[in-house]
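Subject: Structure handover

Hello,

Here is the structure for your files. My notes on its pockets, cavities and helix contacts follow below.

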Amino acid sequence: MEFNDSLSIGMDDFSNNEEMEIPEVLPMMAVRDVVVFNYMIIPLFVGRPGSVEAVNEALGNNKLLMLVTQKDATKDNPAEEDLYEVGMVCMVMRTLKLPDGRLKVLVQAMSKARIKSFEKTDPYYQVAVEVIEDVETKDVTVEVEAMMRTVREQTEKIMSLRGILSADLMMIINNIEDPGRLADLVGSNLRLKISESQQILEQTDAVERLRLVSQLLTKELEVSTVQAKIQNDAKEEMSKSQREYFLREQLHALQKELGDTDERGQEIDELEKKIKKTKMPKSVRKETNKQLSRMEMMHPDSSEATIIRTYIDWILDVPWKKSTKDQLDLINAKKVLDEDHYGLDKVKERILEYLAVRKLNPATKGPILCFVGPPGVGKTSLGQSVARAMGRKFHRISLGGMRDEAEIRGHRRTYIGAMPGRIVQGLKTVGANNPIFMMDEIDKVGSDYRGDPSSALLEVLDPEQNFEFSDHYMNLPINLSKVMFITTANMSDTIPGPLLDRMEVIRLSGYTLEEKVVIARKYLLPRQIEQNGLKARQVKIADEILQRIVTHYTYEAGLRNLEREIGKVCRKVARKIAEGGRGPYSISKRNLGKYLGPPKTIPESEQERLEQPGLVTGLAWTEVGGEILQIEVNIMPGKGKFILTGQLGDVMKESAQAALTYCRSRTEELGIDEEFFDKVDFHIHVPAGAIPKDGPSAGITMATALYSAVTEKTVVSQLAMTGEVTLRGRVLPIGGLKEKALAALRAGIHKIIIPGQNEKDLQEIPKEIRDKMEFFPVKDMDEVVKIAFKQPEYLGSGK
């Protein structure tokens, strides 16, 4: 409930109201959100069709209209039960038609009336009315006079508290001597609920009506008093805070003169000492002192002071000129690398080269390496070994699934809770400006509406730019040129081109069977024995058993599943010893199944290899290493239909079409009728059907399979091939030759046909693998056919 601060409606004393003759039947109009009192002159906006009709009807007769209030203001078409019975008979004084079709009506309340019955409801309401006569007070008693004076005083107080005291209004109120009219005037200007206003209207006794208004004013006065107190307290609190700030600053100045400091002063002094002690560039020191001066001028409890204090702490925590000393002993570094990892000669050689250059030129910038290889080949652990070999701090950042650019560049310092990016956080964690940063899964960085982290990494991983890396939170140039960045990825295809161009890519292929056995013996088995609380003498696993675990229980390029299987054996041994067994426990081929269960895979060398026309072995590269690919071709009577199954991608389907075109162009060499291809259907299938496959390197494999099926010739056993084929039969180069060679070796295949342009890549394959295999470089499909179908002069030409 709130007192109305605007008296836009007027009240007048019409002495002839009682003498006017009011008809028994009048048009009726419902009004919302207002109760019309006696003597009121009020403007109304009329828009509902029924209400417009009622106004027009009144204007056409005696200008009298019955106004009643709706119980529910939300209803556009109120029914009889939705209206109050008591309302006001009003005279329409003036009307104005608005451009939107509505009417603006000025009405004057004439007499209070009650609806007896509804005579008409369409198109407007027409009602029978009964005039209600108020019970007027002839003699104003002392009690009534006191009540009228109380109402006047309460009205004045409320207006004063609201700041809307009007001398004109108070003069009108003070001049009214009739208690009923005073109650109507004050009640009409109180913002009451409709039900409360209607209660005042329906009260016919003037004294009782005044008493009801007095009670409502008392309640309103209490609310207004509390509201004013709350506003005053808030204003006083604000003034008090400002006063305390100036007094505190004066006290700080006095304490400084007396040689005594408070906690705030001690905090500022400590920060000043830290800034002087910390080694930092001049521009950074200047900004830090500026921020400290700002903080000193602020109230310690303000949010801005907290933000600045946190910012200064971050500046002091960044190792601007703090470095660790590199261990430049190449012999010792090589020893450390060999202790942690078996093989990986190319990576170790690159690290040793960097150390050699660093030894000769201490100012050289840190390299940015990218280790690309299947999961489990040791990319992340290799970064830790590099840090140990160089004597540097190591920090790892996982980029997989990162979508917010602020993770790299930091949040802008505009709100509480902002913080620097992961780069600055990493420098703070290691406490040195030349650590090794390992950024894992750089091929899995995403992007969305918050920005593109891969674009932010362009500055971080560019030696020409990262000496002045800009973090949004720090807003200061940070030198990252001494940091050695090492990134990892499973595949380089998904890394954006500009980002890949800034990194030196070193590819890590999978391990051979012999390498896995050696690694298991030297690293994995001792680690699992220690982790499971065993001693080396309590479990015995021979190399042939480790080899069987590799071939029959894992099928991967890396070592993770191999370590899991070895860990499973060690856990079962640990349980036996914990239950009272004495050991040692020797793992043999006969009891291996008790520890690991039945074999999970059957090596290709132990599988029955079918040698039939239309069956050819291909090689494929995946992000988890090389795989062998079986191509099957079947010919059926038909009309030249070509069927491809096995979830083949678009590139692979195109390779199959190119292979078919090549075979159709060689009908004479194949010794078949030219109409042969129109009388049969070809079906090419690549198991397993549930695995999606794509890529161009199966082109010559499909062409050879089609050639074999058409001529009904069988391909040479223990032979695999890889290469892209053109319509003219040329063989184009492919990628991932080392991974494919390892996959063939795992499958027991020792002969591989490769594109002639990939002959240079054989140097990337370790010599021990090359010695076990025979490679046949070819330039066109004619050479592939001669090798694949047992032509002696070609079979002896392998490398």
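In the second largest pocket, α12 gives the largest share of the lining, with six residues. Please keep in mind that the model is predicted.

**Second largest pocket**

The volume of the second largest pocket is about 570 Å³. Its lining consists of 27 residues, and those closest to the pocket centre are H341, G376, V377, G378 and S381. Three helices, α12 (379-390), α17 (513-531) and α19 (560-578), each contribute at least two lining residues. Sorted by class, the lining of this pocket has ten charged, nine polar and eight nonpolar residues.

**α10 and α12**

The crossing is right-handed. On the α10 side the contact involves A333, V336, L337, E339 and D340, and these meet S385, V386, R388 and A389 of α12. The class count for this contact is five nonpolar, three charged and one polar.

**α17 and α18**

L513, K516, V517, A520 and R521 make the contact from α17, while D543, L546, Q547, V550 and T551 make it from α18. Of the residues in the contact of α17 with α18, five are nonpolar, three charged and two polar.

**α8 and α9**

How do the axes of α8 and α9 cross, and at roughly what angle? Helix α8 (residues 282-297) and helix α9 (residues 303-317) have axes that come within 10 Å and cross at roughly 155 degrees. The two helices are therefore roughly antiparallel to each other. Their crossing is left-handed. From α8 the contact takes in V284, E287, T288, Q291, L292, R294 and M295, and from α9 it takes in E304, A305, I308, R309, Y311, I312 and I315. By class, this contact of α8 with α9 contains eight nonpolar, four charged and two polar residues.

**Cavities**

Strands β5 (64-69) and β6 (86-97) and helix α5 (194-202) each supply at least two of the lining residues. The lining of the largest cavity has eight nonpolar and three polar residues, with no charged residues. The lining of the second largest pocket, by contrast, includes ten charged residues.

Regards

How values were computed:
Residues are numbered from 1 along each chain as its sequence is written. This is a predicted model: local features need pLDDT of at least 70, side-chain atom pairs count only at pLDDT 80 or more; totals for chains, interfaces and linings use all residues. Side-chain values use heavy atoms; hydrogens and water are left out. Axes are lines fitted to C-alpha atoms, for helices over the stretch in contact, and angles run from 0 to 180 degrees between N-to-C directions. Helices (H or I, at least four residues) and strands (E, at least two) are DSSP runs, numbered from the N terminus. Angles under 35 degrees count as roughly parallel, over 145 as roughly antiparallel, 65 to 115 as roughly perpendicular and the rest as oblique. A crossing is left-handed if the near helix is turned anticlockwise from the far one by less than a right angle, and right-handed if clockwise. Contact means heavy atoms within 4.5 Å. Ala, Val, Leu, Ile, Met, Phe, Trp, Tyr, Cys and Pro count as nonpolar, Asp, Glu, Lys and Arg as charged, and the others, Gly among them, as polar. On a 1 Å grid over the protein atoms alone, a cavity is a set of points where a 1.4 Å probe fits but cannot get out, and a pocket is an open set with protein on both sides within 12 Å along at least five of seven lines; lining residues have an atom within 4 Å of a point. Grid points are joined across faces, edges and corners, and a volume is the space filled by probe spheres set on the points.
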